[in-house]
Amino acid sequence: MGSQVSKQVERRKAIHTQKKTLFDLKSSGEDYPGSEYHPSDRKNWMSDLNPEKVHINQIVWPGTHDSATNKIGIPLVTRPFAQCQSLSIYHQLVRGARVLDIRVQEDRRVCHGILVTYSIDVVINDVKKFLKETQSEIIILEIRTEFGHEDPPEFDKYLEDQLGEFLIHQDDHVFGKTIAELLPKRIICVWKPRKSPQPKAGSPLWSAGFLKDNWINTDLPSTKFDGNLKHLSEQPPVTSRKYFYRVENTVTPVADNPVLCVKPVTGRIRGYARLFITQCFAKGYADRIQVFSTDFIDKDFVDACVGLTHARIEGKV
């Protein structure tokens, strides 16, 4: 018992120290090319940046982590342990998110670990509603079978049936194209089954290798922040790679920590998205950042990403 208490004391000290490290670094400033830019309409921010001009590989894509968890589990009971977003998929898109991270289980219900929520149909309907209300916004829709679960049967066929008219087919050339050149197609759908066959080249769906990341499982904010920078530094610049690379500005609860609710834990790093972009510039990695995701997405996170996108298009990066 004594050693367990001692261990927890040490963990609390580590968390406190790491929070202070990021706080102190933030005080040195968060200015980067585009940091002052704020889109006039987050719902249509890609359209406002001029689809004829914006190449897919120039975009810094604001994304959400565990996107469809706004109604997961039981309110006030299990929900705080698994909820990573408070907004619906539709309202995340309206706020400016353009990359969605959806986890499913065998019965096509969305899940996070052992907790379940609504059917994938809810996600699809929200995406379609948003697409009908906009004209030039492109979405990366990542759907994967959650760890420990079986693939939903014939799920690729389901996605193609539901989203066919909007799907941008798997093709390396997409990265060098402008938004306007892809329209009226609007969705890059990455399907990541655990055991079923991966989508093939030329398919309406994209395979797992087109959306990569390096997940660092920690609740220590500076450890995650520095690890994200290190992994990003190992990627080629966006202009010379044929895949999307995601950095997740999140920390999540770990089993031996007494704080197991998502919100207070992820709050340790959530406010440091702009600092991360600033550090990318300071270290020479600004040409590598591409998909940037967060828990509980807010307007400032979207603005941070869109501002950098705007700077790239204007040739300031």
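**Group meeting: loops, cores and a central strand**

Okay, let's start out on the surface: E154 is exposed, at a relative accessible area of 61%. For the cut-offs, buried means under 20% relative accessible area, exposed means over 50%, and partly exposed is in between, with a 1.4 Å probe and protein chains only.

A quick word on what we're looking at. This is a predicted model, where local features need pLDDT of at least 70, side-chain atom pairs count only at pLDDT 80 or more, and totals for chains, interfaces and linings use all residues. Residues are numbered from 1 along each chain as its sequence is written, and side-chain values use heavy atoms, with hydrogens and water left out.

Back to E154. Its phi is near 50°, a positive value in a residue other than glycine, and it sits in the loop between β5 (139-145) and α5 (155-163). Helices here are DSSP runs of H or I, at least four residues, and strands are runs of E, at least two, numbered from the N terminus. N50 is another non-glycine residue with positive phi, near 80°; you'll find it in the loop between α2 (45-48) and β1. N50 is partly exposed, at 32%. For context, most residues other than glycine have a negative phi, and most peptide bonds are trans.

Now inside. How many residues does the largest nonpolar core have? It has 52, and W61, I140, F244, F276 and F292 have the most contacts inside it. Such a core is a set of buried Ala, Val, Leu, Ile, Met, Phe, Trp, Tyr and Cys residues joined through side-chain atoms within 4.5 Å. Helix α10 (residues 299-313) gives the largest share, seven residues. A second, separate core has 28 residues, including Y118 and Y158.

F276 belongs to helix α9 (residues 273-283), where it is one of the buried residues. Eight of the 11 residues of α9 are buried, so the helix is largely enclosed by the rest of the structure.

W61 takes us to strand β1 (residues 61-64), which is covered on both faces: W61 and G63 are buried on one side, P62 and T64 on the other. Strands pair if DSSP finds at least two bridges between them. β1 runs parallel to β9 (residues 291-294), with four bridges, and P62 stands opposite F292 there. β1 also pairs with β2 (residues 99-104), again parallel, over two bridges.
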